[in-house]
Amino acid sequence: MDLPPTSPLPSLFVSHGSPLLAVEASPTGRFLDRLGERLPRPRAIVVASAHFTHAHPTVTATPSPETIHDFGGFPEAPYRIQYPASGAPGLADQVATTLRDAGFPAGVDGHHGLDHGVWVPLRRMYSDAGIPVIALSVDPSQTAEWHYRLGHALSPLRRQGVLVVGSGGFSHNLRALDWQHAHAAPYPWVTAFTDALRDRLLAGDIAGALDWTALPEAHRNHPTTEHLFPLYVALGAGGAGARGRLLHRDVEMGGLALDAFAFDAV
């Protein structure tokens, strides 16, 4: 599905898969390769990453953030990757202030780099690393509704040319994956959950999407919540009345759902 020119930018949710997504030819990798070209080029990017967790909302303010290789057990290729995007300390301060004004105890971190939840999709979307990037933490101890409000506070950034991205996984139960068969058919319990959540997002049923634990096989798909909650940051950043647009769907290893959405009022 092509993205029509929009002003402001939509917010995005992308499933970042494994670190190998950064280097392998795959349907999701090829989708991300095209995605950056289908959007107006942003002046900066804020990524709520599943791999940046904190007890309080935290944004990175590192001028030249390092590329963090926060994973193990993979072939050598992803460990060699550097994503030398600059940071945006001024934007980080703006984001923290905006969140504080919305009632969140937000802070900035002037040392933290970019984890693979940030640089894996961005390396495919913007391979030149020419857009400043800051990361935003998620808090697995909170709720979907809390993350939705967090994202909603950031929705005005979209009118300032800032792309707000949630980077996680539409289904994320690593222990259940068929690691030997990348193209294994989706498990029925994955389809049951992802179909239900996708339907709610596409219908603009925000209340139904927030009530994710009521969906079929919810906890089997997300035994932990850090990969799900970036979705709700993106949903909130889409603004009041946001409706999801499905940009991509795929399932790897039977249980790793890799849906991607744009959110805005349509």
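Set aside the neighbours within four places in sequence, and histidine 112 is in contact with Phe52, Thr60, Thr62, Pro65 and Ile68; contact here means heavy atoms within 4.5 Å. This is a predicted model, where local features need pLDDT of at least 70, side-chain atom pairs count only at pLDDT 80 or more, and totals for chains, interfaces and linings use all residues. Residues are numbered from 1 along each chain as its sequence is written, and side-chain values use heavy atoms, with hydrogens and water left out.

Back to histidine 112: look for it in the loop between strand 4 (107–109) and helix 3. Helices (H or I, at least four residues) and strands (E, at least two) are DSSP runs, numbered from the N terminus. With a relative accessible area of 24%, histidine 112 is partly exposed. The cut-offs are under 20% relative accessible area for buried, over 50% for exposed, and partly exposed in between (1.4 Å probe, protein chains only). Leucine 210 sits 98 residues from histidine 112 along the chain, and their C-alpha atoms are separated by 30 Å.

Now for the aromatics. The structure holds seven aromatic pairs, and here are two of them.

| Pair | Centre to centre | Angle between planes | Class |
|---|---|---|---|
| Phe71 and Phe74 | 5.8 Å | 90° | edge-to-face |
| Phe71 and Tyr79 | 4.9 Å | 45° | tilted |

Rings of Phe, Tyr and Trp (its six-membered ring) pair if their centres lie within 6.5 Å; planes under 30 degrees apart count as stacked, over 60 as edge-to-face and the rest as tilted. Ring pairs join Phe71, Phe74, Tyr79 and Trp119 into a cluster. Phenylalanine 71 counts as buried at 15% relative accessibility, phenylalanine 74 is partly exposed at 24%, and tyrosine 79 is partly exposed at 29%.

Helix 1 (residues 27–35) has Thr28, Gly29, Phe31, Leu32 and Leu35 as its buried residues. They share one side of helix 1, because they cover an arc of only 160° around the axis; that arc is taken from the directions from the helix axis to the C-beta atoms. What do the buried residues of helix 1 pack against? Their partners are strand 1 (11–15), helix 3 (116–125), strand 7 (243–248) and strand 10 (260–264).

Finally, strand 5 (residues 133–138): six of its six residues are buried, so strand 5 is largely enclosed by the rest of the structure. Val133, Ala135 and Ser137 point one way, while Ile134, Leu136 and Val138 point the other way. Strand 5 pairs with strand 2 (residues 44–53) in the parallel sense over five bridges, where pairing takes at least two bridges found by DSSP. Across from isoleucine 134 in strand 5 stands valine 46.
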